[in-house]
Amino acid sequence: MIFNPLLAYKAVLEQKEFKLISQYINQNYGIKLPDHKRIMLQGRLINRLIKLNFTSFKEYTNYVFSEQGKLTELPNMIDFISTNKTDFFREAVHFKFLKDIIIPEFMSTPKSQPMRIWSAACSSGEEPYSIAMAANDVINTNSRFDFTIFGTDISNRMLEKAQKAIYPLKSTIIIPLETKKKYLLKSKDSGKNEVRIKKELRDKLSFMWHNLMDKEYEINQEFDVIFCRNVLIYFSKEDQMQVLQNLIKKLKPYGYLFLGHSESITNMNLPLENVSQTVFKKIIRS
Ligand SMILES: C[S@@+](CC[C@H](N)C(=O)[O-])C[C@H]1O[C@@H](n2cnc3c(N)ncnc32)[C@H](O)[C@@H]1O
């Protein structure tokens, strides 16, 4: 039979298949997909049906949850389901707090290691590169300081973008001109309207696929600072609690955790002290 893409365009994500997908995504990745997101999900996944020559969501779910589909299609499905909105210097006060308070405090005692920063749920990289720009400004004035940034996400598509570090010029409007001059390179192709983060900064970052919902984090290092912003809002309270406990385990004593401005740890009884707007310091309870 010849595949007719118009049939795929007309495919409807029925309640049964929606439940299969939403339960799987919620259990494995924490993201809540309540009933009112069914049409949004249908819209996001139609292109996958077309790509795979399927004309119904029943065929699609049969495939995606098969042994082979879990290896080949599941990562694509996650890519299309996750909400990846991000910006350079989003919630800008955080970068100022890092530069003006945390880094000077870090430098006030002798260190044998660079400051280690984790941008968990880093999306396409704007967050970790903003951190890098803020931190690198300190290196420019004090050569004793150094840092590394580790960026993770569950979206391979976003991680590829982060690794390439090429962004539309218009997305960099928010970056101060001086900072742009130091860290961005304009594409030589004048028709392209793109910029790339300079290698000097890119070299400070590494990226890896990581699921915040893993029971134990297989990341063999502790961090001075963790950014985990604008992802917990998609999780249930219990999942938020589990993720936060795991993040705290990966934070050095008195290290700092940044959450998104609309995220809260109220009533969670975690070993964290609120030190600024959604910035928390790990405390050691005796
Ligand atoms: C809205 S973006 C936030 C990006 C950035 N932190 C910021 O504040 O601009 C949320 C990101 O969380 C990622 N994400 C969702 N669930 C995740 C999980 N279980 N583990 C790791 N990352 C996840 C998504 O793929 C997406 O890129």
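The protein splits into domain 1 (5–81) and domain 2 (93–282) by its domain assignment. Keep in mind that this is a predicted model. The centres of the two domains, taken over C-alpha atoms, sit 31 Å apart, and a ligand has a shell that draws at least three residues from each domain.

**Where the domains meet**
- On the contact count, 8 residues of domain 1 touch 12 residues of domain 2.
- Helices α2 and α6 (74–81) each put at least two residues into the side of domain 1 that touches domain 2.
- The largest share of that side comes from α6, with 3 residues.
- By class, the side of domain 1 that touches domain 2 has 4 nonpolar, 2 polar and 2 charged residues.

**Around the ligand**
- There are 24 residues around the ligand, and the ones that come nearest are Ser82, Thr86, Ala121, Ser123 and Leu212.

**How α2 packs on α4**
- Helix α2 (residues 15–29) packs with helix α4 (residues 57–64) at an angle of about 30°, and their axes are 9 Å apart.
- Angles under 35 degrees count as roughly parallel, so α2 and α4 are roughly parallel to each other.
- Their crossing is left-handed.
- On the α2 side, Glu17, Leu20 and Ile21 make the contact, and they meet Phe57, Lys58 and Thr61 of α4.
- Sorted by class, this α2 and α4 contact has 3 nonpolar, 1 polar and 2 charged residues.

Terms used:
Residues are numbered from 1 along each chain as its sequence is written. This is a predicted model: local features need pLDDT of at least 70, side-chain atom pairs count only at pLDDT 80 or more; totals for chains, interfaces and linings use all residues. A residue is near a molecule or strand if its C-beta atom, placed from the backbone, lies within 6 Å of it. Domain bounds come from an automatic or database domain assignment. Axes are lines fitted to C-alpha atoms, for helices over the stretch in contact, and angles run from 0 to 180 degrees between N-to-C directions. Helices (H or I, at least four residues) and strands (E, at least two) are DSSP runs, numbered from the N terminus. Angles under 35 degrees count as roughly parallel, over 145 as roughly antiparallel, 65 to 115 as roughly perpendicular and the rest as oblique. A crossing is left-handed if the near helix is turned anticlockwise from the far one by less than a right angle, and right-handed if clockwise. Two residues are in contact if their C-beta atoms, placed from the backbone, lie within 7 Å. Ala, Val, Leu, Ile, Met, Phe, Trp, Tyr, Cys and Pro count as nonpolar, Asp, Glu, Lys and Arg as charged, and the others, Gly among them, as polar.
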